[in-house]
Amino acid sequence: MIEIDAITKCYDGQPAVDAVSMTVESGTITAIVGTSGSGKTTLLRMINRLVEPSSGEVRINGQSTREEKPHLLRRRIGYAIQGHGLFPHQTVARNIGTVPRLLGWSKDKVRERVDELLRLFSMEPEEFRDRYPAELSGGQQQRVGVARALASRPDLLLMDEPFGALDPIIRTRAQEDLRQIQQKLGSTIMLVTHDMEEAIRLGDRVAVMDGGKLVQYGTPAEIIAEPASDFVAHMVGDVERPLRLLSLLPLGDLVEEGEAEGEPLPAEASLREALSACLWNGKQAVPVERDGKVVGRVTLDAIRARAGHHG
Amino acid sequence: MKWGAILRLVLVLLLLALVLRPGWFTPVFAPLAPAGGPVIYQRSSLLSLSLSHLGLVAAASGAATLIAVTLAVLVTRPAGTAFRPLSRTITNMGQTFPPVAVLALAVPALGFGAGPTLVALFLYGLLPIFENAMTALSTLPPATIEAARGIGLNRWQRLTRVELPLAFPVILAGIRLSVVIALGTATIGSTVAARTLGEVIIAGLLTNNTAFVLQGGLIVGLFAVLIYDALSQLESRVSRRLGR
Ligand SMILES: Nc1ncnc2c1ncn2[C@@H]1O[C@H](COP(=O)(O)OP(=O)(O)OP(=O)(O)O)[C@@H](O)[C@H]1O
Ligand SMILES: [Mg+2]
């Protein structure tokens with residue numbers, strides 16, 4: 001558990017982060033969103049003390065981060081940034097193995113870990129291990145950057161716009177990968193983004209920042225259904241709110257008995273996908289399947305009712 | 001590339017022959033020597049002069065590299081930025097001071113021999129290395145440095161594992177410049193009795209023997225070209241790996 005307690009950072013008397021308090025549960029993804037200059041990066045960097053807070057403190061599992069030497073603290077916390085920051089003079093394997101080596105892991109253990117991570121990110125170790133960062137595509141560099149941050153199995157991973165530089169398709173794929181990896185490893189992730197879509201898709205919790213202040217902190221559904229201010233509503237995108245809400249809800253919740261024509265959708269798909277299928281095919285309902293067997297249908301009326309019945 | 005390799009090989013062989021078997025070149029240099037005078041320099045062996053010449057250059061350049069890089073590291077740390085203008089002035093002065101003047105001033109203090117030459121070469125070599133190292137260390141990619149800090153490298157680890165390796169090609173370019181200047185400048189060390197290839201050239205000038213002058217100049221020139229080439233190759237190999 002990470003407790004951020006009234007943390008403030010002032011530059012020349014101007015607060016960049018203003019008395020932010022929040023608690024992050026272990027094993028969850030927290031997405032920090034906000035406009036440019038709202039203090040997201042500063043907040044994130046105060047957690048691993050790349051920036052020293054002007055006041056307030058951060059506790060990780062009850063222990064204040066001030067009690068440890070900054071560079072030792074940072075070895076326990078994964079850190080990945082936009083533009084990956086890979087070491088251009090070192091191979092992929094050496095880059096990923098940096099922190100484990102600093103922690104004194106044996107050579108074999110480091111090599112094993114590197115290969116494991118490369119496979120996790122669907123990069124064949126034989127092919128990529130000995131390449132230099134300049135010999136990778138942007139998406140691959142980014143993945144290696146995240147793999148490096150994960151290498152020593154940190155409980156906490158901080159990511160500052162890790163997918164900022166990727167094109168939309170690779171970006172979506174990287175987000176899905178991160179979700180899967182996070183679930184597999186049970187790590188706690190705090191991720192900065194200025195894209196509300198990404199925050200909603202990835203975050204168990206979303207923290208909205210504006211002018212250095214934390215203006216709302218809640219689940220994606222709460223943020224969409226009950227924005228705490230006009231600013232948050234605007235961030236969510238007023239027009240798209242119903243669709244955003246539907247994209248969070250699985251089909252399974254609204255399944256009813258009955259027949260429907262067309263290609264069945266899996267129960268884990270979102271209501272947004274079901275709505276889209278109905279509209280596209282001009283049908284009133286779509287069939288739903290679980291484990292390859294049709295278990296019922298979801299009707300357009302039910303979706304409409306659910307979208308209207310928010311909060 | 002292939003022609004480059006052949007040319008390089010030819011130059012190496014020519015240099016080896018000039019130093020180890022100078023006698024072979026008697027017919028070539030004979031027209032330039034005064035009538036009846038010696039054609040090939042024989043007062044001391046060209047090999048031992050070459051080695052001593054290279055030794056002086058290596059020692060002076062080594063010391064200059066050590067001091068210049070250390071200085072550049074210090075002034076690029078947050079605590080050292082205040083000293084940047086001062087250290088620039090000092091190394092610039094080293095460069096503007098004519099080497100002959102350095103020799104003249106150093107002889108009373110250090111006596112005749114290798115000492116004054118080493119001092120002159122050292123001072124002369126500082127500036128290019130310092131300037132390059134300082135530029136390289138203060139223009140490293142910020143994301144890389146930030147990541148190095150963020151994943152838990154301490155100051156020393158960042159310097160030795162990230163900053164210096166990344167700055168290396170540019171520092172190497174400074175060293176290359178400095179070494180080539182030193183190879184040429186070392187010849188004047190012979191005026192204060194340092195054992196360098198300058199001895200051959202000066203002997204030629206004193207006795208009006210163009211053959212000697214050419215012989216000495218040719219050897220020094222070939223050393224300079226080949227060392228410059230070798231360091232360039234090393235540099236481009238390193239920077240290719242960095243993807244530049
Ligand atoms: N080292 C610094 N010195 C002075 N001011 C700073 C410094 N770092 C950040 N700031 C200021 O603090 C505020 C918050 O910056 P921060 O980098 O946290 O914003 P951000 O939300 O990450 O923005 P972006 O989305 O553009 O990355 C900005 O107004 C910025 O100018
Ligand atoms: Mg930022």
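This is a predicted model: local features need pLDDT of at least 70, side-chain atom pairs count only at pLDDT 80 or more; totals for chains, interfaces and linings use all residues.
## Where the chains meet

Let's start with the interface. On one side sit 23 residues of chain A, in contact with 19 residues of chain B. Together the two chains bury about 1,900 Å², and carbon and sulfur atoms account for 60% of it. If you want a trio to look at, pick A:Phe87, A:Pro88 and A:His89: they supply 28% of the area that chain A buries against chain B, more than any other three residues.

A:Arg45 pairs up with B:Glu146 in a salt bridge, with the closest N and O atoms 2.3 Å apart.

As for the side of chain A that touches chain B, helix H2 (70-76), strand S6 (77-81) and helix H4 (98-102) each give two or more residues to it. Its residues split into 11 nonpolar, 8 polar and 4 charged.

## Around ligand 1

Now for the ligand. The residues surrounding ligand 1 include A:Tyr11, A:Ala16, A:Thr35 and A:Glu161. Helix H1 (residues 40-47) of chain A gives the most to this shell, with 3 residues. By class, the shell has 2 nonpolar, 7 polar and 2 charged residues.

Some distances to oxygen atoms of ligand 1 are worth a look. A polar side-chain atom of A:Ser36 lies 2.5 Å from one, a backbone N or O atom of A:Gly39 is 3.0 Å from one, and a polar backbone atom of A:Ser38 is 3.2 Å from one. On its own ligand 1 exposes 630 Å², of which the protein buries 56%.

Methods: Residues are numbered from 1 along each chain as its sequence is written. Chains are lettered from A and ligands numbered from 1 in the order in which they are written. Side-chain values use heavy atoms; hydrogens and water are left out. Contact means heavy atoms within 4.5 Å. Buried area is the accessible area (1.4 Å probe) that two parts lose on being put together, summed over both. A salt bridge is a side-chain nitrogen of Lys or Arg within 4 Å of a carboxyl oxygen of Asp or Glu. Helices (H or I, at least four residues) and strands (E, at least two) are DSSP runs, numbered from the N terminus. Ala, Val, Leu, Ile, Met, Phe, Trp, Tyr, Cys and Pro count as nonpolar, Asp, Glu, Lys and Arg as charged, and the others, Gly among them, as polar. A residue is near a molecule or strand if one of its heavy atoms lies within 4 Å of it. A polar contact is a pair of N or O atoms within 3.5 Å; within protein, one must be able to donate a hydrogen and the other to accept it, and residues adjacent in sequence count only if both atoms are side-chain atoms. Accessible areas come from the Shrake-Rupley method with a 1.4 Å probe; for residues, only the protein chains shown count as cover.
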